[in-house]
Amino acid sequence: MNQITQYRNFISGEVDRIMAEQNITVRLCSERFNNKYRYQIDVGECQPMTKDFVQRVRTGRFKSFTPRVAKLCDFLNIDQTQPVEHVPQSDELRRKIHTIDSLIRDDQVLLKKVSKLLDDITELLRV
């Protein structure tokens with residue numbers, strides 16, 4: 001199982017676990033998300049959440065880690081760096097990942113750009 005699949009499985013498992021713990025449906029999750037982030041949605045800083053999207057993330061049927069997935073994880077208080085820490089890596093790579101994460105955490109535009117860049121790198125590596 002490759003790293004991307006492991007990460008997707010981690011995220012979907014955490015979304016499913018938290019929703020079960022909180023006893024919320026995909027509809028209720030999307031409604032609460034949209035209520036909490038109403039202003040950001042209205043000004044175009046983030047996309048609204050739909051029950052279909054929440055279900056896709058919950059079941060691991062999403063293709064890449066987008067800003068929208070990241071925002072859902074933030075909403076559900078999922079530590080998105082946890083699986084990265086479980087992957088053996090050099091200290092240099094660990095420092096770089098931590099630096100990037102720190103820089104993009106609160107900047108949705110930058111997060112979207114870095115996410116797209118990582119998607120492109122992933123596609124190049126698959127060839």
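## Two asparagines in loops

Helices here are DSSP runs of H or I with at least four residues, numbered from the N terminus. With that in hand, let's look at this predicted model, starting with N77, which sits in the loop between α5 (67-75) and α6 (82-86). N77 has a positive phi, near 60°, although the residue is something other than glycine. Most residues other than glycine have a negative phi. N77 counts as exposed because its relative accessibility is 71% and the cut-off for exposed is over 50%.

N23 is another asparagine worth a look. N23 is found in the loop joining α1 (3-21) and α2 (26-36), and its phi is positive too, at about 55°. With a relative accessible area of 69%, N23 is exposed.

## Where α1 meets α4

Next, follow α1 to its contact with helix α4 (residues 51-58): the two axes lie 7 Å apart and the helices pack at an angle of about 115°. From α1, the contact draws on I11, S12, V15, D16 and M19, while α4 brings V54, V57 and R58. Sorted by class, these contact residues are 5 nonpolar, 1 polar and 2 charged.

## The second largest pocket

Which residues lie nearest the centre of the second largest pocket? They are E45, C46, Q47, P67 and K112, out of 13 lining residues.

The volume of the second largest pocket is about 260 Å³.

Terms used:
Residues are numbered from 1 along each chain as its sequence is written. This is a predicted model: local features need pLDDT of at least 70, side-chain atom pairs count only at pLDDT 80 or more; totals for chains, interfaces and linings use all residues. Side-chain values use heavy atoms; hydrogens and water are left out. Buried means under 20% relative accessible area, exposed over 50%, partly exposed in between (1.4 Å probe, protein chains only). Axes are lines fitted to C-alpha atoms, for helices over the stretch in contact, and angles run from 0 to 180 degrees between N-to-C directions. Contact means heavy atoms within 4.5 Å. Ala, Val, Leu, Ile, Met, Phe, Trp, Tyr, Cys and Pro count as nonpolar, Asp, Glu, Lys and Arg as charged, and the others, Gly among them, as polar. On a 1 Å grid over the protein atoms alone, a cavity is a set of points where a 1.4 Å probe fits but cannot get out, and a pocket is an open set with protein on both sides within 12 Å along at least five of seven lines; lining residues have an atom within 4 Å of a point. Grid points are joined across faces, edges and corners, and a volume is the space filled by probe spheres set on the points.
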